[in-house]
Amino acid sequence: MIEVSHLVKRHGPKVAVRDVSFTARAGRVTGFLGPNGAGKSSTLRILLGLDSADSGTALIGGKPYRTLRNPLRTVGSLLEGSGAHPSRTARGHLSWVAASNGIPRTRVPEVLDLVGLGDVGRKRVGGFSLGMNQRLGLATALLGEPEVLVLDEPVNGLDPRGIRWLREFLRSCAADGRTVLLSSHLMTELASTADDLVVINNGAIVHSGTTAEVSAGHTSLEDAFFALTGTEDR
Ligand SMILES: Nc1ncnc2c1ncn2[C@@H]1O[C@H](COP(=O)(O)OP(=O)(O)OP(=O)(O)O)[C@@H](O)[C@H]1O
């Protein structure tokens with residue numbers, strides 16, 4: 001479970017996140033939806049201990065990220081691509097991450113198979129497409145068999161087949177009881193993936209609830225998004 005409470009983050013004079021509170025529950029896919037610059041990445045970076053909040057808390061399983069004993073075993077994350085060096089093979093990258101986090105090497109072929117990279121594990125990451133790189137990032141996130149997954153715009157770079165694969169994969173993670181939080185500015189994608197939605201605009205939460213609740217009273221989630229964020233004319 002993820003609990004964000006009264007989070008505030010300023011970048012100089014700019015308030016990127018203002019009093020943001022929401023919960024992402026176990027066994028559900030929670031979509032963090034908002035237009036560009038709404039404050040999604042700023043919130044997720046604080047949740048993952050990459051940045052500090054000015055005030056408020058962001059907890060994973062009741063604890064701030066920086067106090068987790070085995071972070072990779074608690075939360076898997078995907079922020080920008082896989083982070084793998086282009087000269088490394090996929091297998092080499094995953095083995096290095098596993099070794100430096102006390103995760104058995106036997107997980108490496110398992111996660112490569114899970115994300116559909118079983119056949120290219122010995123290839124160099126420099127030759128990977130954007131979609132393959134996203135899959136490698138997901139494999140890295142899954143290495144420690146975490147209960148919580150936090151993914152920032154994971155659909156970026158995926159082709160329609162990859163998008164469908166990711167949707168089914170995240171649904172199966174939730175069905176296994178994991179907490180899945182993913183950000184996106186693509187409402188149609190989230191409509192078919194997320195159980196719950198948290199809509200953020202201009203640093204503030206404008207709506208949260210089940211996907212059906214958020215779109216209630218609108219002809220589609222797309223209409224709901226434009227009405228809630230006031231971004232129709234952008
Ligand atoms: N390091 C920074 N320094 C200054 N301003 C920043 C910094 N990081 C983010 N911001 C600003 O804070 C606001 C929120 O940005 P953030 O990246 O969190 O939004 P986002 O919802 O993730 O958007 P996107 O989908 O474009 O990544 C934006 O106005 C952005 O320009």
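Mentor: The account below begins with the ligand and then turns to the strands.

This is a predicted model, in which local features need pLDDT of at least 70 and side-chain atom pairs count only at pLDDT 80 or more, while totals for chains, interfaces and linings use all residues. Residues are numbered from 1 along each chain as its sequence is written.

Around the ligand stand H11, K14, A16, G34, N36, G37, A38, G39, K40, S41, S42 and H185; a residue is near a molecule if its C-beta atom, placed from the backbone, lies within 6 Å of it. Helix 1 gives the largest share of the shell, three residues, and strand 2 and helix 1 each supply at least two. Helices (H or I, at least four residues) and strands (E, at least two) are DSSP runs, numbered from the N terminus.

Helix 1, residues 40-47, lies across strand 1, strand 2 and strand 4 and runs at about 115 degrees to strand 1. Contact between two residues requires C-beta atoms, placed from the backbone, within 7 Å. Axes are lines fitted to C-alpha atoms, for helices over the stretch in contact, with angles from 0 to 180 degrees between N-to-C directions.

These three strands form an open sheet in the order 2-1-4, with antiparallel pairing. Strand 2 (14-24) and strand 4 (55-60) are at the edges, each with a single partner strand, so one side of each has no neighbour in the sheet. On average, neighbouring strands of this sheet are turned by 25 degrees against each other, direction ignored. Strand 1, residues 2-11, is joined to strand 2 by seven bridges, and E3 stands opposite T23 in strand 2. Two strands pair if DSSP finds at least two bridges between them.

Strand 8 (residues 196-201) pairs with strand 3 (residues 28-33) in the parallel sense over four bridges, with T30 opposite D196. Strand 8 also pairs with strand 9 (residues 204-210), in the antiparallel sense over six bridges, and I200 stands opposite I205. Two residues separate strand 8 from strand 9 in a hairpin, where N202 in the turn has a positive phi of about 50 degrees.

Key. Buried ≥ 20, exposed ≤ 12 C-beta atoms within 10 Å, placed from the backbone.
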